[in-house]
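Hi,

Here is the structure I said I would pass on.

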Amino acid sequence: MTEPEVMIDINTTPLIDVMLVLIIMLIITIPIQLHSVNLNMPAGNPPPPATEPVVVTIDIDFDGTVLWNGEVLPDRAVLETRLMQTAAIADQPEVHIRPNKLVEYKSVAAVLASAQRLGVTSLGMVGNEQFVK
């Protein structure tokens, strides 16, 4: 009578089971990463302003051209000069930024970064309904 052939292959089923349990434990223990932007939101209902606020409109065209109240600005230095003048006013005008739907994000981010760096506090995005599908 011949002896059965010895099986040399390793049984990987328990190894796979242990690895799956370890992966599930790793996924459960990883803290949830929230990509959030912290905003300082006003508390309560402020009284309505006595006078109508002055509004400055900054349009960003599809090719990155920046318009200040409809006037084309030749470069970023002129934009920053105007933003600095706006920030220096005691009762700052509202700055409304209206980007074109086709503009690259870096052009909008450059304007927002300049406004924040130069101290513009009353800033808003206008025309967001164009981005809703």
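Is Glu 71 buried, partly exposed or exposed? Glu 71 counts as partly exposed, at 41% relative accessibility (buried is under 20% relative accessible area, exposed over 50%, partly exposed in between, with a 1.4 Å probe and protein chains only).

Before the rest, some housekeeping. This is a predicted model, where local features need pLDDT of at least 70 and side-chain atom pairs count only at pLDDT 80 or more, while totals for chains, interfaces and linings use all residues. Residues are numbered from 1 along each chain as its sequence is written, and side-chain values use heavy atoms, with hydrogens and water left out.

Now the sheet. Five strands make an open sheet in the order β3-β2-β1-β4-β5, with mixed pairing. (Strands are DSSP E runs of at least two residues and helices are H or I runs of at least four, numbered from the N terminus; two strands pair if DSSP finds at least two bridges between them.) At the edges sit β3 (71-72) and β5 (123-125), each pairing on one side only. Strand β4 (residues 94-99) runs parallel to β5, with three bridges joining them; His 96 has Gly 124 as its bridge partner in β5.

Helix α2 (residues 76-88) lies across β1 (55-60), β2 (66-68), β3 and β4, at about 35° to β2. (Contact means heavy atoms within 4.5 Å; axes are lines fitted to C-alpha atoms, for helices over the stretch in contact, with angles from 0 to 180 degrees between N-to-C directions.) Thr 86 is part of α2 and is buried at 5% relative accessibility. Leaving out residues up to four places away in sequence, Thr 86 touches Trp 68, Gln 92, Pro 93 and Val 95.

On to the charges. There are five salt bridges (a side-chain nitrogen of Lys or Arg within 4 Å of a carboxyl oxygen of Asp or Glu). One of them joins Arg 98 and Asp 59, at 2.7 Å from N to O. Arg 98 is in β4 and Asp 59 in β1, so this pair ties together parts 39 residues apart in sequence. Asp 59 is buried at 19%, whereas Arg 98 is partly exposed at 38%.

Glu 71 comes back here: its salt bridge is with Arg 82, with the closest N and O atoms 2.9 Å apart. Arg 82 lies in α2 and Glu 71 in β3, so parts eleven residues apart in sequence are tied together.

Finally, Arg 76, Glu 80 and Arg 117 are linked in a network of salt bridges.

Cheers
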